[in-house]
Amino acid sequence: MAMPRGELIERVDEQDRVVGLVDRAEAISRHWLHRISTTVCRDPEGRILVHRRANDVSRFPGQYHWLTGGAVDVGETYEQAAARELGEELGAVSAAPRFLFKYLCHGEISPYWLGLHETVLTEPVTPDPAEISWYAWLTEGELRAAVRHRPFVGDGRGALRRYLDKGSSCGTSVR
C-alpha cells in the first residue's frame, strides 16, 4: 500500500518509549526510530506464506518477503497493527497474531523497532494486488533455499535468522 502523505506515526527512543508524533516520511528521511509490526503467516501444515511485493510499491518493489506488516499507527499496539495489516494486505482474514518478540532493527532505509508476530491462517487469502503480485506457501526448508536464490527484502533476511534461531512456531511461547 502506498504511504499517504502526512501519515503520522509515533517516534520512539532506544527503549521503545514514545517521544512524539512525526510524519512517517520524515522519520524515515531523518532516521528516527519508529515502530513496524510484522506477522509470520503459517498454514495448518506449518508452511510459511511467502510473497513478492508489487513492482510499483514505494519500498522494496519486486522483492520477496516472508512477513506481512507495516507501520504501527498512533495509539496502536504492535498486536493491533499486525491484525490491521493482515486485513489490508491479505484480504478479509480473521486472525489474532500472537506477539513473539521485538528488536531494534537498523533497517535498510531507516532504523525501527520490529515487532514480530505469528498466526495460523485457516481461511483463503486474497492478497491486495497493489501490495502483493505473487504468493506461495513454503516449508521452512523451501524458504531457506528461496532466500539464498531470490531477491528478498534485506531486513526480512535478518528477521528470518532471528525467528529461526528462537525456534519459533505456533504453539511456542517466545518473548
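The side chains of Glu88 and Arg84 meet in a salt bridge at 3.2 Å, N to O, a salt bridge being a side-chain nitrogen of Lys or Arg within 4 Å of a carboxyl oxygen of Asp or Glu. The structure is a predicted model, in which local features need pLDDT of at least 70 and side-chain atom pairs count only at pLDDT 80 or more, whereas totals for chains, interfaces and linings use all residues. Residues are numbered from 1 along each chain as its sequence is written, and side-chain values use heavy atoms, with hydrogens and water left out. The structure holds 15 salt bridges, 5 aromatic pairs and 0 disulfides.

**Salt bridges**

- Both Glu88 and Arg84 belong to helix α2 (residues 78–90), where they are 4 residues apart, about one turn of the helix; helices (H or I, at least four residues) and strands (E, at least two) are DSSP runs, numbered from the N terminus.
- Glu88 is partly exposed at a relative accessible area of 30%, where buried means under 20% relative accessible area, exposed over 50% and partly exposed in between (1.4 Å probe, protein chains only).
- Through salt bridges that share partners, Asp73, Glu76, Arg84, Glu85 and Glu88 are joined into one network.
- Glu7 forms a salt bridge with Arg24, with the closest N and O atoms 3.7 Å apart.
- Glu7 lies in the segment before β1 (8–12) and Arg24 in helix α1 (residues 24–29), so this pair ties together parts that are 17 residues apart in sequence.
- Both partners are buried: Glu7 has a relative accessible area of 15%, and Arg24 has one of 12%.
- Glu26 and Arg30 also meet through their side chains in a salt bridge, at 2.9 Å from N to O; Glu26 is partly exposed at 29% relative accessibility, while Arg30 is exposed at 52%.

- Ala71 lies in strand β6 (residues 68–71) and is buried, at 3% relative accessibility.
- Neighbours within four places in sequence aside, Ala71 is in contact (heavy atoms within 4.5 Å) with Glu7, Ile9, Arg24, Arg35, Ile36, Glu76, Ala81, Arg84 and Glu85.
- The C-alpha atoms of Ala71 and Glu85 are 8.7 Å apart, and the two residues are separated by 14 residues in sequence.
- Thr38, in strand β3 (residues 35–42), is buried with a relative accessible area of 7%.
- Not counting residues up to four places away in sequence, Thr38 touches Leu67, Thr68, Gly69, Leu114, Gly115, Leu116 and His117.

**Surroundings of Leu143**

- Leu143 is part of helix α3 (residues 140–149) and is buried, with a relative accessible area of 1%.
- Beyond residues up to four places away in sequence, Leu143 touches Ile48, Val50, Trp66, Leu138, Phe152 and Leu160.
- From C-alpha to C-alpha, Leu143 and Val153 are 13 Å apart in space, and they are 10 residues apart in sequence.

**Aromatic pairs**

- Rings of Phe, Tyr and Trp (its six-membered ring) pair if their centres lie within 6.5 Å; planes under 30 degrees apart count as stacked, over 60 as edge-to-face and the rest as tilted.
- In the Tyr64 and Trp134 pair, the ring centres are 5.6 Å apart and the planes stand at 75°, so the pair is edge-to-face.
- This pair links distant parts of the chain, with Tyr64 in strand β5 (residues 64–65) and Trp134 in strand β9 (residues 132–138), 70 residues apart.
- Tyr64 is buried at a relative accessible area of 13%, whereas Trp134 is partly exposed at 37%.
- The rings of Tyr78 and Phe99 have centres 6.4 Å apart and planes at 50°, so the pair is tilted.
- Tyr78 in helix α2 and Phe99 in strand β7 (residues 98–105) are 21 residues apart, and their pair links distant parts of the chain.
- Tyr78 is buried, with a relative accessible area of 9%, and Phe99 is also buried, at 14%.
- Tyr64, Trp134 and Phe152 form one aromatic cluster.

**Cysteines**

- A disulfide is a pair of cysteine sulfur atoms within 2.5 Å, and Cys105 is in none, the nearest cysteine sulfur, that of Cys41, being 19 Å away.
- Cys41 is buried with a relative accessible area of 1%, and Cys105 is buried with one of 8%.
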